[in-house]
There are 2 protein chains.
Amino acid sequence: MARIVMKFGGTSMAGIERIRSVAARIKREVEAGNQVAVVVSAMAGETDRLVNFCREASSLYDPHEYDVVVSAGEQITSGLLAIALQAVGVPARSWLGWQLPIRTSDGHGSARIAEIDTTALNKSLAQGEVAVIPGFQGLAAGERVTTLGRGGSDTSAVAMAAAMKADRCDIYTDVDGVYTTDPRIVPRARKLKRVTYEEMLELASVGAKVLQTRSVGLAMKEKVRVQVLSSFTDDDAPMADTLPGTMIVGEEEIDDMERQLITGIAHDKNEAKITLTSVPDRPGAVASIFTPLADANINVDMIVQNVAHSTGSTDVTFTVPSADLARSLEVLGNAKGDIGYVELVHDTRVAKISIVGVGMRSHAGVAATMFKTLGERGINIQAITTSEIKVSVLIEEDYTELAVRVLHTAYGLDAEDAA
Amino acid sequence: MARIVMKFGGTSMAGIERIRSVAARIKREVEAGNQVAVVVSAMAGETDRLVNFCREASSLYDPHEYDVVVSAGEQITSGLLAIALQAVGVPARSWLGWQLPIRTSDGHGSARIAEIDTTALNKSLAQGEVAVIPGFQGLAAGERVTTLGRGGSDTSAVAMAAAMKADRCDIYTDVDGVYTTDPRIVPRARKLKRVTYEEMLELASVGAKVLQTRSVGLAMKEKVRVQVLSSFTDDDAPMADTLPGTMIVGEEEIDDMERQLITGIAHDKNEAKITLTSVPDRPGAVASIFTPLADANINVDMIVQNVAHSTGSTDVTFTVPSADLARSLEVLGNAKGDIGYVELVHDTRVAKISIVGVGMRSHAGVAATMFKTLGERGINIQAITTSEIKVSVLIEEDYTELAVRVLHTAYGLDAEDAA
């Protein structure tokens, strides 16, 4: 007997027909003798509807009351799934965030889970009941309702799995797993059988939108085995533990045989490049650029400082999220006197390409292959950042798909039998 | 300073614009120095939407989970109204049923309020906050969410007013008060300034759909002064305590000067007449008719037993709700052998006309005036029932409007200056 958490997103909850199909899938896990807790999202579109009500009521809405309003979406689907489970003969009950309770910080609107009391839950599971738990919600000090921020249901599921000491946390999503790269760009992309937490974090943060980043970090910290599965395989499909999804696990679980040099390739077109020309090459110059950006809560990513010109000045290039470009330019415009640059140049037609893999830790030359492969296709590299398990380069946006494709081939990731 | 409860129905909560207008009305009460608790319904149509989800999920839905689902509607409007109040500078917070808590029986789907803990609420009101409370919901043993049954928000409001020892409970509805009769039938109907609990109960139970009957009974028991007001008078209207609504009060508050013989006239077309002919005139005969109906949970209203024929048999006539007619005929058909009647006749083209008024207690001849007035117009009376403050007659349905009009005039209820 295993103890598992199953998490279903908004698309799986969009209407009674789909909720019924979710109930059928849960029933198969129960009939296999497993103890099951289910974490659900609101019906697709419902959270947006509720958020918009709050915004309409006041642009400066009280986050305490916002949480009361938007948490209702998951409350509704929890009750409905419990009804649908009972209708197919599976004992079930809903446990709202305040009922367990799921204790959180009091950061209303984006609270963090602090502790989950599983006393009542364990009793219910031991009686053979399926526990249906609304994702995204919790209870703060003062017994007030909180929510975890958008996409928080993934985090709820992982936190539940950790608290319950579950054997597995199955996340059912619109995609059927994590791929070596975006299959819309590279048809020969392969679904990964396993990926490490660290790799998933890097892949998620550079644009592979499968799981909320925070949930992956929590899974890594709590050593929760997370499985990403499709909610749209048919009802007669085999059970989750034999389904061809992607397991997200600790590095120690991946043996040397299956370890690849590079696990996946991600791309991100949502960055903008900013260059300040002829910044005086003196101590404190760089700080005078990045301190006001940090004060404005703007996340700077890739930074390149050119070698000093003979004139005693240098060009500084970096990227910011496209959404923050206008604000960044305003901040830097205001700081022109302090920084002492000559020109402020920006470019939104850039893309970040990242190769990710724990294998590169023990292999030299991984980055060199990347630079050489791109160079051979005449793709110019505008900036580079590296971490222990990732190399990212900034290139002209038009070359995004070409770059991903040639790198996918260069690192031996192409599926052999695909089209 | 007064302490008041204000209750707003689904039409008043249907969309942010209307919620804003409700907030403006509350603000005026607060600025007049009153302590205010507000009880809200779900947005118009929302409860139906949620109930339908439950029915779709399973025709035999678990009432525990039904309550989790449908209580979400009032949770949403509570949070939104709190936001709208804060936006106009009125300190406010929502208090969900489980937060106060509002303790109820565990009759899920139609629970009864047992006790309301006002400790936290009183503290909040004393700090000058408006308390926004979702109607219709509560908390049963085992800390599970309950709902009070459709229309339960009126009961929530009256129960809150009783628990808070409020000076007044203002119910804002689609109508602007209680009238002497249906103004669509009698344009000269007058709005009543005051009506007693007993009269309101009789008027409500025979078809004046202004307040949920249960809430009136509770108001009577707890001596809560209830005021019925329109939610649709404009924002610049004077405050509630000077608004021309209807106060529902104890009999002792109505002085002799304003006491009328008859307070109002109600009509109800939702009854069906059943006659059993030639029932043997022996002990136990009547019981053999009504026992199987009671066992089938069918509510029998007016009963007439004719004098015995010389043959030793009698005809028995009574009414049942139209919705229960088919079931009643089936039950009586099955019991034909036991009862021993000859024919089973029914008629749905009947209407019950009731005159209601505490004044009739001390005046003889009130019923005689009714019979004489109807007789003069050739309206035949098929059955009669009376209570201490009510006389009801069953007539042919086609005469409903005529009967109401002539009685309204006969008892001096016509407004002098109306059209």
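A word on conventions before we start. Residues are numbered from 1 along each chain as its sequence is written, while chains are lettered from A and ligands numbered from 1 in the order in which they are written. Because the model is predicted, local features need pLDDT of at least 70 and side-chain atom pairs count only at pLDDT 80 or more, whereas totals for chains, interfaces and linings use all residues; side-chain values use heavy atoms, with hydrogens and water left out.

**Where the chains meet**

- The rule finds two salt bridges across the interface of chain B and chain A, a salt bridge being a side-chain nitrogen of Lys or Arg within 4 Å of a carboxyl oxygen of Asp or Glu.
- Arg49(A) and Glu46(B) join their side chains in a salt bridge, at 3.4 Å from N to O.
- Between chain B and chain A, 16 residue pairs are in polar contact, both at pLDDT 80 or more. A polar contact is a pair of N or O atoms within 3.5 Å; within protein, one must be able to donate a hydrogen and the other to accept it, and residues adjacent in sequence count only if both atoms are side-chain atoms.
- Helices (H or I, at least four residues) and strands (E, at least two) are DSSP runs, numbered from the N terminus.

**A sheet in chain B and its helices**

- Four strands of chain B form an open sheet in the order β15-β16-β14-β17, with antiparallel pairing; two strands pair if DSSP finds at least two bridges between them.
- β15 (303-305) and β17 (344-347) of chain B stand at the edges with a single partner strand each, so one side of each is left without a neighbour in the sheet.
- On average, neighbouring strands of this sheet are turned by 15° against each other, direction ignored.
- β14 (residues 271-280) and β16 (residues 313-321) of chain B pair in the antiparallel sense over eight bridges, and Lys273(B) has Thr319(B) as its bridge partner in β16(B).
- Helix α9 (residues 285-295) of chain B lies across β14, β15 and β16 of chain B and runs at about 20° to β16(B). Axes are lines fitted to C-alpha atoms, for helices over the stretch in contact, and angles run from 0 to 180 degrees between N-to-C directions.
- Helix α10 (residues 325-334) of chain B lies across β14, β16 and β17 of chain B, at about 15° to β14(B).

**Local details**

- Over all chains, a search of the whole structure finds 48 salt bridges.
- Arg20(A) forms a salt bridge with Glu17(A), their closest N and O atoms being 3.2 Å apart; both lie in helix α1 (residues 16-31) of chain A, three residues apart, about one turn of the helix.
- The peptide bond from Leu100(A) to Pro101(A) is cis, with omega near -10°, and Pro101(A) sits in the loop between β3 (92-94) and β4 (102-104) of chain A.

Terms used. Contact = heavy atoms within 4.5 Å.
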